[in-house]
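Take a walk through this model, one packing unit at a time. Keep the sequence and the coordinates open as you read.

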Amino acid sequence: MKENRLLAKWLNDDLSPDELAEFEASPDFEKYQKIKNYTSHLQVDDLDENAMLSNILSQKKATPKVVPLYKKWMFQAAAIFVLVIGITLVMKFFVPQTQTADFGEKTTFSLPDHSEVVLNSGSEINYKKWNWDNNRHLELKGEAYFRVAKGRRFEVQTNLGKVTVLGTQFNVKARKNRFDVVCYEGRVKVNYANTQILLTHGQSVRFENGKQVKMNVNSLKPEWIDDQICFTKENIRTLLDEVERQYNVKIELNSKDTISLFTGKLPAKDLDTALQIISTTYHLEAKKVSENKIIFDEK
């Protein structure tokens, strides 16, 4: 502490002769002397406090960037919106699409290339929109009528067989162990088991229990499109299955005659008339036991 006091007085030239002699005798005096000699050559301008204050005030202050809370919510909402759009596009183009027609209904829709499909009652189609123009392939359960736009090969796959076309109109039905294909325009190639057959305008083929039956047709489109159920040499159980699909009803058959074949048409929008035709043809009596259940008994 005494040394610091002497140093302060020495710097101010305020030491007495005795104090100066004592300070010069200290071991650090030489170091202090060198510092004093060096600093004596430095010059510092007088501080102009007013000029400094004016300079500070004249400088443009940077305004802190403050993002309002509502804008943060908007950014988050926009991000969520983009994410939802992305997921929607993935679902739309990459995930398989399904079209169905429940019992008692028909469904009409267009494919990505504007090909038109009409699904009959109790039917389903699955396909993918992604790269459709280069891979026109779909899977069918049940029955459907196709008006195919021209383009690359168009394939309809069923559990019983496959139909391949380029651009035409045709009908495909795959029910239980029965596979039917009718060509109304152009040409179609049908693959069933190890058999391949080419159909042209006005031709049809049926595969059932390993048997093939080829026939000619005169109509321009399937009768069921116009609410007519057409049968050619059908047994009664197949006939009743189709009536169940078209009218969304359950039918119980109590009859020994299940062999006789039916050829003709039934209305698809008039259940009473359809039941009357079946009853007359097979000598049965139809009873409606509830709104959606019918029993056929022998007379």
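Predicted model: local features only at pLDDT ≥ 70, side-chain atom pairs only at ≥ 80, totals over all residues.

Helix α6 covers residues 236-247 and helix α7 covers residues 271-282. Their axes come within 12 Å and cross at roughly 170°. An angle over 145 degrees counts as roughly antiparallel, so α6 and α7 are roughly antiparallel to each other.

Which residues make the contact between α6 and α7? From α6 come Ile236, Leu239, Leu240, Val243 and Tyr247. They meet Leu271, Ala274, Ile278 and Tyr282 in α7. By class, this contact has nine nonpolar residues, no polar ones and no charged ones. In soluble globular proteins, nonpolar side chains tend to be buried together.

Next comes the sheet. Three strands form an open sheet in the order β15-β18-β17, with mixed pairing. The edge strands are β15 (250-254) and β17 (284-290), and each pairs on one side only. From one strand to the next, the twist averages 20°.

Strands of a sheet pair through backbone hydrogen bonds, either parallel or antiparallel. Here β17 and β18 (residues 293-298) pair in the antiparallel sense, over six bridges. Within β18, Ile294 stands opposite Lys288.

Now put the helices and the sheet together. Helix α6 lies across β15, β17 and β18, and runs at about 160° to β15. Helix α7 also packs on the sheet, where it touches β17 and β18. The direction of α7 makes about 145° with that of β17.

Turn to the nonpolar cores. The largest has 31 residues. Ile125, Phe146, Phe154, Val163, Phe170, Phe179 and Val190 touch the most other members. Strand β5 (residues 136-147) gives the most to this core, with four residues. Apart from it lies another core, of 21 residues, among them Ile229, Leu266, Ala274 and Phe296. Ala274 is also one of the α7 residues that α6 meets.

Beyond its neighbours within four places in sequence, Val163 is in contact with several residues, including Phe154, Phe170, Phe179 and Val190. Its contacts also include Glu155 and Lys189.

Finish with Leu198, in strand β11 (residues 195-200). Is Leu198 buried, partly exposed or exposed? Its relative accessible area is 43%, so Leu198 is partly exposed. Leaving aside neighbours within four places in sequence, Leu198 is in contact with Arg187, Val188, Lys189, Gln203 and Lys214. Arg187 is 11 residues away along the chain, and the C-alpha atoms of Leu198 and Arg187 are separated by 7.0 Å.

Methods: Residues numbered from 1 in each chain as written. Heavy atoms only, no water. Helix = DSSP H or I, 4+ residues; strand = E, 2+ residues; numbered from the N terminus. Buried < 20%, exposed > 50% of the residue type's maximum accessible area, 1.4 Å probe, protein only. Contact = heavy atoms within 4.5 Å. Axes fitted to C-alpha atoms, helices over the stretch in contact; angles between N-to-C directions. Parallel < 35°, antiparallel > 145°, perpendicular 65-115°, else oblique. Nonpolar A, V, L, I, M, F, W, Y, C, P; charged D, E, K, R; others polar. Pairing = 2+ DSSP bridges. Core = buried A, V, L, I, M, F, W, Y, C linked by side-chain atoms within 4.5 Å.
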